[in-house]
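Dear colleague,

Please find below the structure for your review. My notes on it follow directly after.

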Amino acid sequence: MTAKAKIADKATPQVNNEVLEVAVIGAGFSGLGMGIRLKRAGVKNFRVFDKGNDVGGTWRDNTYPGCGCDVKSALYSYSFEPWAEWSNAYAKQGEIHQYIRHCAKKYDMYPYMQFNTEVNGAHYNEADGIWEINTAAGETIRARNVVAAPGPFSEAQMPNISGLDTFKGEKIHTARWDHSIDLKGKRVGLIGTGATGVQVGPAIVDQVKHLTVFQRTANWIMPRLDRDIPEEEKVRYREKPQRMKAARLGNYWLNELTAPFLILKYDLFKSQPEKICRSYLNRKVRDEALKEKLTPTFKFGCKRVLVSSDWYPTMQRDDVSLVTEGISRITEKGIVTADGVEHELDVIIFATGYVVRKTGAPMPIIGRNKQDLNTKWSEGAEAYQGIATADFPNLYFLVGPFTGPGHTSVIAYSEAQIDYVWQAVEFRRQRGLKSISVKPSVEAKFVKTMDARSEHTVWKSGCESWYLSPNGRNNTLYPGFNAEYRMRIARFNPADYELKNTQDKTVRASVADQLSTGLLALKTV
Ligand code: NAP
């Protein structure tokens, strides 16, 4: 534990007089990447805060059996740090976490980390142009710029099912797997058949006596074309790292080619992948009744498309039952479904997802003129380029509103944002500005574009998903190609922002400013 972390553990309020150049909240892929970027650019006065005890975010916390990534490792890794050690084309959680730790060590990031520090709010001190960040331990951290990278998947979602607390057996949520619970020979119930459910079920089925899967909604599934990476291939990668870069590029453009299936309004595009999934299901499942249960009733891509080659085989085992009658209640002994059957169980696994904040701020954040971000985002989060929101100067989000990945790696979005944020921070420093805050008109225009484009996407084709806010808006995924988004934010344009000097006077972005940000953009290429 660092000295700072020890300070944070004390319960007495501490005001830290040090003013950081940048405070990064979250040490997952995005927050760590931001830290590495700052350090490589020569910024020393920054710190990355995380409530956990290590880097890794969701890949540190999710340790359930079978946990892995649906994006190939060649692309689900930093572009600047290709890794020759991946065991499989699609990496598992342990290796991804190992990779993130490797990056933190290689780039000497641990001295910049403050772990066991839960940030529970921030407010903008308008007089000084400085953010004051409060931690759960009572510390106040001051920073000129804040980068929020909390990630969407930090809080486990337990379903609201009556009788949940009466169950006498063991309950496990996948997001907080309890490795002390032995599943061997047990009657296990699995609630949830999303991206997590289809990974955990096949991974535990060989240990358990019987697996009962409670499916509320069947999902579209693509086969997972995984393969072991042999030692000879790893040697070739180690010898010539550019081969890994080429593999990354290949994967990137293959994924880009799939974007039209999700974002374009033409049915011709949208119906093709559905046909592939149907044919995969037809080939893998012979029993007509089971096939019907496993056939989704919504359009391909409306909910997250799953990637699994072992889900359908698992569903056909004699020691597995797929129950599609809804859950009525949980009892001392197990789960009662709508048909009145009580399924007796020893363990219930909840693969029921995360508390994904569709409205409001990720934490209490008070900006200029005492604006509360929670109020501003009460009908859904909005931010220019998914990064900055008006009246919250010098504050940036990574993988914020509208910039989740629909068809490719989240890292393809966050790396582009990291470069943009660094340019903003550097521009402000070079110009000696008190604040930069996106112009409301610029933000509104961007949001309008996102809304208009989202109308044509499959995400708005009528199903319920965590992508949509309660009013049915997509504020989560980027309704476009990643390559287009990267071009869009390749250069930080100061004309999009309201610039204030240290006398609190608004200044215009000059031609020299445009030139200097052009140079900064070139430095990030
Ligand atoms: P999820 O997509 O939210 O799925 C939750 C599942 O639980 C759904 O099947 C849902 O059914 C079911 N459920 C929730 N409440 C229920 C209830 N009361 N009764 C019965 N069923 C209930 O959560 P997730 O599978 O953990 O995935 C969340 C996200 O994490 C994914 O979309 C993905 O972005 C990410 N993830 C990624 C990977 C990867 O490979 N990269 C792996 C795992 C997760 P309904 O569909 O009917 O709501």
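Lys500 is buried, with a relative accessible area of 18%; buried here means under 20% relative accessible area, exposed over 50%, and partly exposed in between (1.4 Å probe, protein chains only). This is a predicted model, in which local features need pLDDT of at least 70 and side-chain atom pairs count only at pLDDT 80 or more, while totals for chains, interfaces and linings use all residues. Residues are numbered from 1 along each chain as its sequence is written, and side-chain values use heavy atoms, with hydrogens and water left out.

Lys500 belongs to strand E20 (residues 497-500); helices (H or I, at least four residues) and strands (E, at least two) are DSSP runs, numbered from the N terminus. Leaving aside neighbours within four places in sequence, Lys500 is in contact (heavy atoms within 4.5 Å) with Arg368, Leu433, Lys434, Ser435, Lys505 and Thr506. Its C-alpha atom is separated by 48 Å from that of Lys299, which lies 201 residues away along the chain.

Turning to the cysteines, a disulfide is taken as a pair of cysteine sulfur atoms within 2.5 Å, and by this rule the count comes to 1 disulfide. The bond joins Cys302 and Cys463, with their sulfur atoms 2.1 Å apart. The pair links distant parts of the chain, 161 residues apart: Cys302 is in the loop between helix H10 (288-293) and strand E11 (306-307), and Cys463 in the loop between helix H14 (440-454) and helix H15 (482-488). The link is left-handed, with -105° about the S-S bond, and both Cys302 and Cys463 are buried.

Cys69 counts as buried at 6% relative accessibility, and Cys103 counts as buried at 0%.

Finally, the nonpolar cores (sets of buried Ala, Val, Leu, Ile, Met, Phe, Trp, Tyr and Cys residues joined through side-chain atoms within 4.5 Å). The largest has 98 residues, of which Leu32 and Leu183 touch the most other members. Helix H13 (residues 410-431) provides the largest share of this core, 11 residues. Domain 1 (3-153 + 356-524) and domain 2 (164-220 + 266-301 + 303-350) both give residues to this core, so it lies between them; the domain bounds come from an automatic or database domain assignment. A second, separate core of 22 residues includes Leu20, Trp377, Ala381 and Phe397.

Yours sincerely
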